[in-house]
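Have the viewer open as you read.

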Amino acid sequence: MAAPPLWSAKIRAERKARGWDAHSTARRLRKAAGDDRHDLPEHTDLVRSIRRWESGKIAVMSERYRLLYCAILQLGEDVLFGEEDRPASPQESAGSETDLGKIASLRQADRQVGGGHLYATVIGYLQSTVAPRLFSGSEGDHSFATAAAFTEMAGWMAHDAGNDLLADQHFHRALAFAGLGGDRQLEAHVLGSMSHLTLHLGRPGEAVTYARRGLDTLTRTRVPAPAVGVRLLAKAASGLAAQNESAEAARLLVRAEAMLGRQPEQSPSPWAAPYDEATLALDTARCMLSLGQVSEAQRQGRRFLAIRSAHRTRSRAFGQLVLASALLKQDQLDEACTLILDAVESTRSLSSLVVNRQLTDLQDQLRAYQGHQGATDCLDVLDSTHRERCWLYQ
């Protein structure tokens with residue numbers, strides 16, 4: 001079965017963010033058609049098409065319907081449909097360029113709409129495109145590296161959608177594929193993902209072990225990969241901070257900062273996701289918050305928001321919520337509420353249970369300020385947002 005196009009997840013996410021069902025969407029499309037609305041199919045047929053577009057069962061949408069969707073959602077065609085892929089020829093599918101383009105487009109879409117909307121797309125691509133080449137053996141090590149990269153991405157999307165058991169299974173498979181493919185940078189990168197997940201699950205000791213194993217992989221094989229190394233140092237520091245080992249966590253973060261600007265002596269693995277200054281600032285803010293160093297957590301949180309671009313919806317929301325938590329610990333309620341409400345608004349079309357859980361955690365902090373009008377208003381928004389998103393995630 002072919003992977004569903006990326007735009008199918010986007011139009012579904014945008015519709016749900018506005019609280020529309022398929023019937024009201026059909027009525028809006030008809031209204032947007034103006035004088036030409038009589039040329040559209042009957043209402044029930046149009047609703048059926050909407051559902052098929054959103055499920056990915058229709059691979060191509062005509063220009064007319066694209067423009068109508070852009071009109072009712074008030075979004076540009078490049079935003080809604082810019083990531084659509086043309087069908088790849090057998091020659092293209094056999095090469096890495098097509099796979100790398102696919103994974104780059106999926107990462108970009110994931111940052112904006114969340115893993116919950118894109119998990120099926122990644123699994124579809126693995127099943128329809130990657131798996132046949134993997135078992136044919138025609139591409140050698142490259143096919144295993146490709147499988148590792150897309151399987152690791154599936155793990156992150158499962159985690160974002162709240163299925164951590166499935167995410168763990170994907171990460172372990174990805175690690176096995178990366179080992180078979182011989183890409184040690186990718187192998188170390190996957191170990192960093194496993195470190196992140198185990199910390200999220202409340203197992204900081206395992207998180208440190210996975211991160212150090214990744215660092216050992218880079219050292220043992222003498223692979224110069226500064227970005228992967230910085231990420232692993234930050235993950236190890238996060239695990240140590242969760243165990244209140246402040247001195248060692250700080251030492252690793254200093255090492256990560258020093259390594260960040262170092263140029264690799266050879267080309268980095270194209271499969272490993274990028275790790276930049278903003279991400280290190282966010283990881284550092286989380287470490288400082290865990291260690292109770294609230295002022296430094298605020299400084300790193302502000303640094304992150306100053307660097308991270310606005311189109312990285314989920315990433316910026318994480319930064320806003322970490323900074324809001326640090327502000328609440330110092331009774332800076334008004335700014336914290338502003339950040340929380342901004343994060344709620346910006347993530348309306350995002351399918352991320354991880355973001356939703358962080359919003360829920362902040363509800364607990366805010367309840368200490370219930371006598372304050374700003375906190376009460378913010379809690380009302382969080383309560384309604386929680387109910388709405390839980391219903392959507394079901």
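Predicted model: local features only at pLDDT ≥ 70, side-chain atom pairs only at ≥ 80, totals over all residues.

Numbering starts from 1 along each chain as its sequence is written, and side-chain values use heavy atoms, with hydrogens and water left out.

**Positive phi in loops**

- Most residues other than glycine have a negative phi.
- Asn244 has a positive phi, near 65°, and sits in the loop between helix 13 (226-242) and helix 14 (246-260); helices here are DSSP runs of H or I, at least four residues, numbered from the N terminus.
- Asn244 counts as exposed, at 57% relative accessibility (exposed means over 50% relative accessible area, with a 1.4 Å probe and protein chains only).
- Asp331 also has a positive phi, near 60°, and its loop runs between helix 17 (313-329) and helix 18 (333-346).
- Asp331 is exposed too, with a relative accessible area of 57%.

**The cavity**

- There is 1 cavity of 30 Å³ or more (a set of points on a 1 Å grid over the protein atoms alone where a 1.4 Å probe fits but cannot get out; lining residues have an atom within 4 Å of a point).
- The largest cavity has a volume of about 30 Å³, taken as the space filled by probe spheres set on the points, which are joined across faces, edges and corners.
- Its lining consists of Asn356, Leu359, Thr360, Gln363, Leu382, Thr385 and His386.
- Helix 19 gives the most to that lining, with 4 residues.

Key: Helix = DSSP H or I, 4+ residues; strand = E, 2+ residues; numbered from the N terminus. Buried < 20%, exposed > 50% of the residue type's maximum accessible area, 1.4 Å probe, protein only. 1 Å grid on protein atoms, 1.4 Å probe; cavity = no way out; pocket = protein on both sides within 12 Å on 5 of 7 lines; lining within 4 Å.
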